[in-house]
Amino acid sequence: MKKLSGFYSVIKNSTNPKSIKEIIWVVLGQGINVILSLIIVKFISQIGPSDYGIYALILTISALLGLVFGSFQQGFIRYYYDYKNEGNEKTFIDLFYKFLSISVIILLLFVFLFSFFGKYILSNYSFLFLFTAGLMVITTKVSELFNSWFNILRQRRINAFLISGEKGLIILFFLLLLYEKSLSLENVIIFIFISTLLFIIIKISTFKIFIPKEKNINEPKIHSLQKNMRNRVWIYAAPFLIWAGAGWLQLSGEKWIINGLLTVKDVGIYAIMMSIVNALVVIPSNIINEFATPIIFQNYSDLKNLENVNKGHQYIKIIMLLVFVITIISTVITYYFGTGLILIISSKEFVNYWYLLPLLTFGTGLFYTGQTQTVLGMALDRPRKYLPPKLLIGFLAVIFNLIFIKTFGLNGVAYTILLVGFIYIIHITVVNRNIEDSFNKQVN
């Protein structure tokens with residue numbers, strides 16, 4: 001009865017007018033985002049499976065950068081409300097800007113050097129192509145960082161408009177390219193870069209509106225504050241940097257293994273199917289987590305307030321259940337309508353392996369159900385507890401993919417995703433029980 005009462009209390013508190021408006025804007029914004037993303041995939045797939053495969057490989061680099069950026073973003077997300085409550089919100093956000101500026105400068109230098117020397121190693125690609133692809137990767141990830149900030153600030157409506165506007169501009173450019181019969185891999189990359197760069201400028205200008213004015217704090221005190229903030233964020237983010245490598249091997253490394261053992265065309269076919277999985281499972285899971293995570297962290301900002309902590313824990317259980325339900329529904333949809341879904345966002349060239357969609361969907365859903373549970377350790381400042389399962393599945397994903405893809409072809413990657421998903425959710429569940437037991441001993 002106590003557990004049911006806890007669930008009821010959380011649901012009741014989530015249905016006040018303000019929360020309902022936030023939920024509507026999150027669902028509406030991400031729903032439009034899903035549709036526009038699939039339209040973008042439809043356009044890009046017109047360049048053919050092989051070129052789409054190259055595009056998918058470029059996105060794996062973007063995914064790695066996203067994981068690295070995301071590691072530090074986790075720290076900024078976790079401690080935002082702590083410093084806001086202390087009245088040091090502006091100083092904390094200024095630290096984020098410093099981190100972003102230094103990171104972008106380093107990345108630009110790296111992209112330039114890679115493009116300059118890469119043209120000799122990768123003889124099929126020019127300096128301009130490699131450099132533009134690198135710029136696209138950087139701007140895409142920076143733009144996504146600001147999406148996260150608007151979510152932290154709980155500016156759901158503005159976030160919805162900005163995300164939709166960015167995707168809409170990309171689609172307009174692609175329509176122009178189709179009209180001019182100039183839709184090519186090179187032009188796709190150029191216009192995605194232009195669109196994201198323009199919206200980064202818009203997002204920064206909008207973000208400034210919500211930053212509080214500078215308090216009268218002397219420079220030495222600001223420096224001291226930011227040093228403590230930086231150390232705190234770094235300590236929190238460090239495990240996520242290790243996760244980044246393991247996570248990339250699990251979520252993106254298979255494309256390079258497919259490219260090495262099979263063909264770049266197979267990479268394109270697999271990437272199209274994963275776009276559907278992304279729309280059905282990953283994006284809805286992210287919607288749920290993006291809405292709930294700031295609320296959960298707010299409840300865990302004072303660990304002495306057990307009533308709020310318990311409320312936050314109930315939220316974690318609810319979002320985990322929602323993600324699993326989405327996984328089951330999506331798996332059923334792909335089982336019955338797999339071919340049709342692939343044809344909607346691409347063409348007949350991509351339908352050969354449609355029967356893998358349910359396996360890819362269910363395996364990915366298991367992983368994200370487990371991933372949702374990690375909010376508990378992050379809220380309790382114990383992200384290091386998740387290093388063993390993260391490292392394990394990163395290692396197993398590579399081993400299983402090498403064995404299964406070589407043995408079963410493209411079917412092998414589906415078997416790997418399914419098996420890794422099962423292992424991950426079980427391991428995370430065990431880790432969370434240990435974290436809960438440890439915390440309960442502390443408070444009792």
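Does α5 pass α7 in a left-handed or a right-handed crossing, and which close-up shows it? The views below all come from a predicted model.

**View 1. Helix α5 passing helix α7.** The crossing here is left-handed. Take α5 as residues 127-152 and α7 as residues 185-209; their axes come within 8 Å and cross at roughly 35°. Sorted by class, the residues in this contact are 17 nonpolar, seven polar and two charged.

**View 2. Helix α9 against helix α10.** With α9 covering residues 253-261 and α10 covering residues 264-299, the two axes come within 7 Å and cross at roughly 145°. This time the crossing is right-handed. On the α9 side you'll find Glu254, Lys255, Ile258 and Asn259, and they meet Val264, Asp266, Val267, Tyr270 and Ala271 of α10. Split by class, that contact has five nonpolar residues, one polar and three charged.

View 3. Follow α3 through residues 49-86: it has 38 residues and reaches 53 Å from first C-alpha to last, close to the 56 Å expected at 1.5 Å a residue. Just after α3 comes Gly87, which takes a positive phi of about 85°.

**View 4. Phe110 and Phe114, an aromatic pair in helix α4.** The count for the model comes to 39 aromatic pairs. In this one, Phe110 and Phe114 are stacked, at 6.4 Å centre to centre with 15° between the planes. Both sit in α4 (residues 89-121), and because they are four residues apart, about one helical turn separates them. An α-helix has 3.6 residues a turn, so residues three or four places apart point the same way.

Conventions: Residues are numbered from 1 along each chain as its sequence is written. This is a predicted model: local features need pLDDT of at least 70, side-chain atom pairs count only at pLDDT 80 or more; totals for chains, interfaces and linings use all residues. Side-chain values use heavy atoms; hydrogens and water are left out. Axes are lines fitted to C-alpha atoms, for helices over the stretch in contact, and angles run from 0 to 180 degrees between N-to-C directions. Helices (H or I, at least four residues) and strands (E, at least two) are DSSP runs, numbered from the N terminus. A crossing is left-handed if the near helix is turned anticlockwise from the far one by less than a right angle, and right-handed if clockwise. Contact means heavy atoms within 4.5 Å. Ala, Val, Leu, Ile, Met, Phe, Trp, Tyr, Cys and Pro count as nonpolar, Asp, Glu, Lys and Arg as charged, and the others, Gly among them, as polar. The expected span of a helix is 1.5 Å times one less than its number of residues. Rings of Phe, Tyr and Trp (its six-membered ring) pair if their centres lie within 6.5 Å; planes under 30 degrees apart count as stacked, over 60 as edge-to-face and the rest as tilted.
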